[in-house]
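Biologist: Before we go through this model, I would like each label you use to be set against the rule behind it. Could we take the terms one at a time?

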Amino acid sequence: MAEQTDREGTPGWQPGIGHRLPWLGSQVRPAPLANPRWVGWSEDLAATLELAPDEATLALLSGSVTPLPWTPVAQVYSGHQFGGYTPRLGDGRGLHLGERHGQELFLKGSGPTPYSRSGDGRAVLRSAIREFLASEALHHLGIATTRALAVIGSDTPVWREQQETGAITVRVSPSHLRFGHFEYFYYTRQQAQLAALIEDTLAHHFPDALAAPNPKLAWLEAVVSRTAETVADWQAFGFCHGVLNSDNMSILGETFDYGPFAFLDAFQAGHICNHSDHQGRYAFDQQPGIGLWNLNRLAVTLTPWLSEEQLKGALARYEPVLVARYLARMGARLGLDAPQEADLALIGGLLNLMEAAGADYSNTLRSFAELDPASDDTPLHRRLATQPGFDPWWRRYQARLGGVTELGPWQWARAQANPALILRTHLAQEAIAAAEQGDNAPLARLHRALCRPYDPDSDFDDLRDDAPSWSQQITLSCSS
Ligand code: AMP
Ligand code: MG
């Protein structure tokens, strides 16, 4: 179907890829939430989309009315889950509503679809809030991610381990295509559809690749680079995704499909945030390798067109791009001028000290913003100096810096690289507990703070502490 232009009553809306490529999924009407109400709203994103949190928008986004002249679409995909191939997945609890200003709006939790399998098509309030907060937090940290426009709560009962209520997260991204979409058409031998899907992806999201001598190869190279950069950012900011199945990997390299994610509190290289991940496949320190593993799954889908040599060449870009990005991020955090691969040992040494001390990852790094590298009594000393290897590490660090001539600007630059606030699991939990009781103020306040993570505004000082010990008891799993 040709793209439709604005129609009366729905200015600014376009139907999007699901209507350009009708075999990409099924048209499905949302199942409305009972007594829908706003729980979260992202002002800055709403402004770019030109949407207001009024009754009409609430009715549209909660599935109560469908004023758009087309039906929303649930897309089909497949994917490698925990290492094994699942031949058919798809949007089992979400619908593509349409596009505004080049952004797809996706209702997550809008009821059953042909891809729901045994699921109820719903999302519970706690998981909707977690996705909302995480997308906003990563975006404002400067990490590529899908966005979240809103959380809508309701009285719709949803049964998990206990009765909860249904909610919708309105997810926003230029594309919701996952590696798994391409895997689905490859493994079902629908090569014409796979070619058309790739062509559409290139035309809408990878214009540079489209103009290259070999567009499919240039596209794979671009996806490899973007994925490597995003994974490097996760490692630098202590973000653990939790379910890096290939159906949760965005073709744009965005952080995608938030489930049992966590930012590290005390640094632990092998931290497993997902209690359903018994083998630690998606442990924090496994993420770089898993990113490449998933890219290999994507590369397989291009075997009809690209040689083994071409595929291997594209995939070989992953490690250098990831290392360069990680060095740039960590170099900035530590204040290293022109970071080199040799600096990985210095960074690794600091991580080992943090792990041995059980030191908080983000707050230890934030202390570089108040650090005088010429002093031997700094906030870093207060966290790590009792560790046996600290003194030699500190001397190596001082030697690497080679003296800081102007302390103020040096510290200011560290403050711009080291967030003063991250989305800790217990902070999300407190906001969720209040919202479940009908009080959305703590969520709104946490959201406001996460929109300025580098800003040491004293209004939010109570959100900056290391995690309390009770936060270790919070269990995160795939049940959401
Ligand atoms: P996720 O764990 O959210 O990445 O979902 C994995 C797959 O299960 C996707 O195909 C989802 O659409 C589907 N799914 C997850 N939860 C539900 C649910 N409550 N109802 C229907 N499908 C679901
Ligand atoms: Mg998923």
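Predicted model: local features only at pLDDT ≥ 70, side-chain atom pairs only at ≥ 80, totals over all residues.

Biologist: What makes the phi of Asn35 worth a remark?

Modeller: The phi of Asn35 is near 50°, which is a positive value in a residue other than glycine. Most residues other than glycine have a negative phi. Glu50, in the loop between α2 (43–49) and α3 (55–61), also has a positive phi, near 55°.

Biologist: Why is Glu50 called exposed?

Modeller: The relative accessibility of Glu50 is 56%, and exposed means over 50%, so Glu50 counts as exposed.

Biologist: Why is Glu164 called buried?

Modeller: Glu164, in strand β12 (residues 163–173), has a relative accessibility of 10%; the limit for buried is under 20%, and therefore Glu164 counts as buried. Leaving aside neighbours within four places in sequence, Glu164 is in contact with Val124, Arg126, Thr156, Pro157, Val158 and Glu436.

Biologist: How do you know that Ser246 is buried?

Modeller: Ser246 has 0% relative accessibility, and because buried means under 20%, Ser246 is placed in that class. Ser246 is in the loop between β13 (239–240) and β14 (262–263), and, not counting residues up to four places away in sequence, Ser246 touches Gly79, His80, Arg178, Phe179, Gly180, Glu183 and Asn294.

Biologist: Which residues have the most contacts inside the largest nonpolar core?

Modeller: That core has 113 residues, and those with the most contacts inside it are Trp219, Trp393, Tyr397 and Leu423. Helix α8 (residues 215–237) gives the most to this core, with 12 residues. Tyr397, leaving aside neighbours within four places in sequence, is in contact with Leu334, Leu336, Leu346, Phe368, Leu371 and Trp410. There is also a second, separate core of 21 residues, which includes Leu58, Leu68, Leu105 and Ile168. In soluble globular proteins, nonpolar side chains tend to be buried together.

Biologist: How do the axes of α8 and helix α11 (residues 318–334) cross, and what is the handedness of the crossing?

Modeller: The axes come within 8 Å and cross at roughly 35°, and the crossing of α8 and α11 is right-handed. Among the residues that meet there are Val224, Val231 and Phe237 in α8, and Tyr318, Leu322 and Met330 in α11. By class, the contact of α8 with α11 has 11 nonpolar, three polar and five charged residues.

Methods: Residues numbered from 1 in each chain as written. Chains lettered and ligands numbered in written order. Heavy atoms only, no water. Core = buried A, V, L, I, M, F, W, Y, C linked by side-chain atoms within 4.5 Å. Buried < 20%, exposed > 50% of the residue type's maximum accessible area, 1.4 Å probe, protein only. Helix = DSSP H or I, 4+ residues; strand = E, 2+ residues; numbered from the N terminus. Contact = heavy atoms within 4.5 Å. Axes fitted to C-alpha atoms, helices over the stretch in contact; angles between N-to-C directions. Left-handed = near helix turned anticlockwise from the far one by under 90°. Nonpolar A, V, L, I, M, F, W, Y, C, P; charged D, E, K, R; others polar.
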